[in-house]
There are 2 protein chains.
Amino acid sequence: MTNQEIKTIQSLHKKKFRKELNRFIIEGRKIIEQSLENQPERIQQVYALESEQNWLTETALPVTYISARELEKITVLQHPQGVLAICTMETSQAENTTFQLALDTIQDPGNMGTILRLASWFGVDEVLLSIDCVDIYNPKVVQASMGAIFTVPTRYVDLEKELSAANKPIYGALLEGENVYTASLKKECILLMGNEGNGISPALQQFISDPISIPKFGKGESLNVAMASGILLSEICR
Amino acid sequence: MTNQEIKTIQSLHKKKFRKELNRFIIEGRKIIEQSLENQPERIQQVYALESEQNWLTETALPVTYISARELEKITVLQHPQGVLAICTMETSQAENTTFQLALDTIQDPGNMGTILRLASWFGVDEVLLSIDCVDIYNPKVVQASMGAIFTVPTRYVDLEKELSAANKPIYGALLEGENVYTASLKKECILLMGNEGNGISPALQQFISDPISIPKFGKGESLNVAMASGILLSEICR
């Protein structure tokens, strides 16, 4: 690899340069395979150790084989997985917007990735993200999403505008909400989830048509936002 | 703090010494408060920055105020939270064992902590851990559990022996299991969850009386074991 190549890839660790270059990094065979299956055209270039050659030669991907030392320089992972790819950032348009998940100020990359993975699993048609959510191309989000970034359409929006224009139920997790296990839930909806520490912001709470909550059966103070999202999506889909 | 004190606390970062000294570390106000609420007698000693004095003086806890530099030396966190406590390791006996969660070789500390937090929330009476599960007193487990370690009885056991002796339904998440949304589930049960990569080990699968599975509504390859636990516990409790 040339020094320039290394520098360019390193710059993609930062949001500013991802935006400028319209590229982001994915790492590991699993996520690359997810991308290949869903949006192969987005993979621009693969960098891999020789040890990955077996499966890579069966793909049509452009691969540069590099040394472990070079990989060390460009990886975003603590334990690099032997293969890394540069992808383009264009987001896929939602084909329909029946079942939407709206995220208000989700800031932890691990939570965001987990929620995108859930959205993919439960067949959410589109994820709406408030402007101050963490960047979904943040490497930690990408890794935690397990490639869901290639299967779920996402859109950064003015959530206030978006929710005020909605003409379907807006479910929001609020402490005093209706028991989610007895509430009658439709899949044509927007499920609104709030920030890790502060919940759904007051400016957005007014748009909730159906407040719901997950009853506690034991002890413990709370469920984290990713877990709550999983249980609510599961309830909406079941 | 004396050098000896610092060394002793540092040694608790390792399982071997936790076992030897029968002590483990908890950090942050939230977890200490959880402990105070549930098993205050287990807190042996608190180390805190002066900035924590306000709330600590309202407790009866033995506190040594230390410098930020001292805290740096004993903390297990990347971003220390200003207060750390040493607790005893005795596990609480389960008062009843109606609703049990059995964990087979859960190895990721974050997953283990998250699952304990879920067990607490959903009122699991006892968590059975296979011998090769990660140590629940591992600092990363303790942090991820958000104090659930003080509210959920846990026991390391020979799972094979334990499951073979059970006389109630044993639910296990298997790919070919019955749709969890239509299965009729009782709370008098053992829910068996398997390893992150390999699932439930073949030696234990034979004990599953009711295989269940979470249907996929969209794309994505899988749910992680903590998320699957959350959804299954939610289904059992609802």
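Let me start with the loop between α2 (15-21) and β1 of chain B, where B:Asn22 lies. The model is predicted, and in it B:Asn22 has a positive phi of about 60° although it is not a glycine. Is B:Asn22 buried or exposed? B:Asn22 has 12 of them, so it counts as exposed.

A:Thr105 sits in the loop between β5 (99-103) and α6 (109-121) of chain A. Here the count is 21 C-beta neighbours inside 10 Å. The cut-off for buried is 20 or more, so A:Thr105 counts as buried.

β1(B) pairs with strand β4 (residues 83-88) of chain B, in the antiparallel sense and over five bridges. Within that pairing, B:Glu27 stands opposite B:Leu84 in β4(B). Both strands belong to an open sheet of four strands in chain B, ordered β1-β4-β2-β3, and the pairing in that sheet is mixed. Which strands are at the edges? They are β1 (23-27) and β3 (63-65) of chain B, each of which pairs on one side only. On average, neighbouring strands of this sheet are turned by 20° against each other, direction ignored.

Strand β1 (residues 23-27) of chain A runs antiparallel to strand β4 (residues 83-88) of chain A, with five bridges between them. A:Arg23 has A:Thr88 as its bridge partner in β4(A). Strand β2 (residues 43-48) of chain A is also antiparallel to β4(A), again joined by five bridges. There, A:Ala48 is partnered with A:Val83.

Next, β9 of chain B. How much of strand β9 (residues 189-193) of chain B is buried? Four of its five residues are, so the strand is mostly covered. β9(B) takes part in two parallel pairings that I want to show. With strand β5 (residues 99-103) of chain B, β9(B) pairs in the parallel sense over five bridges, and B:Leu101 has B:Leu191 as its partner in β9(B). With strand β8 (residues 170-179) of chain B, β9(B) is also parallel, this time with three bridges. B:Ile170 and B:Ile190 are bridge partners there.

As a general remark, in soluble globular proteins nonpolar side chains tend to be buried together. In this model the largest nonpolar core has 134 residues, and those touching the most other members are A:Ala119, A:Leu191, B:Leu103 and B:Ala119. Take B:Leu103 as the example. Which residues does B:Leu103 touch, not counting those up to four places away in sequence? They are B:Ile115, B:Val127, B:Leu128, B:Leu129, B:Ser130, B:Cys133 and B:Met193.

Now a helix pair in chain A. α6(A) packs with helix α10 (residues 225-237) of chain A at an angle of about 10°, and their axes are 9 Å apart. The cut-off for roughly parallel is an angle under 35 degrees, so α6(A) and α10(A) are roughly parallel. On the α6(A) side the contact is made by A:Asn111, A:Thr114, A:Ile115 and A:Leu118. On the α10(A) side, the residues are A:Val225, A:Ala226, A:Ser229, A:Gly230 and A:Leu233. By class, that contact has five nonpolar residues, four polar and no charged.

For a distance across the chain, consider A:Glu72 in helix α5 (residues 68-74) of chain A. A:Glu72 is exposed, with 10 other C-beta atoms within 10 Å. A:Glu72 and A:Met227 are 155 residues apart along the chain, and their C-alpha atoms are separated by 33 Å.

Last item, the interface. Chain B puts 24 residues in contact with 24 residues of chain A. Which elements give two or more residues to the chain B side? They are α6 (109-121) and α10 (225-237) of chain B. The most comes from α10(B), with five residues. By class, the chain B side has twelve nonpolar, seven polar and five charged residues.

Terms used
Residues numbered from 1 in each chain as written. Chains lettered and ligands numbered in written order. Predicted model: local features only at pLDDT ≥ 70, side-chain atom pairs only at ≥ 80, totals over all residues. Contact = placed C-beta atoms within 7 Å. Nonpolar A, V, L, I, M, F, W, Y, C, P; charged D, E, K, R; others polar. Pairing = 2+ DSSP bridges. Axes fitted to C-alpha atoms, helices over the stretch in contact; angles between N-to-C directions. Core = buried A, V, L, I, M, F, W, Y, C linked by C-beta atoms within 7 Å. Parallel < 35°, antiparallel > 145°, perpendicular 65-115°, else oblique.
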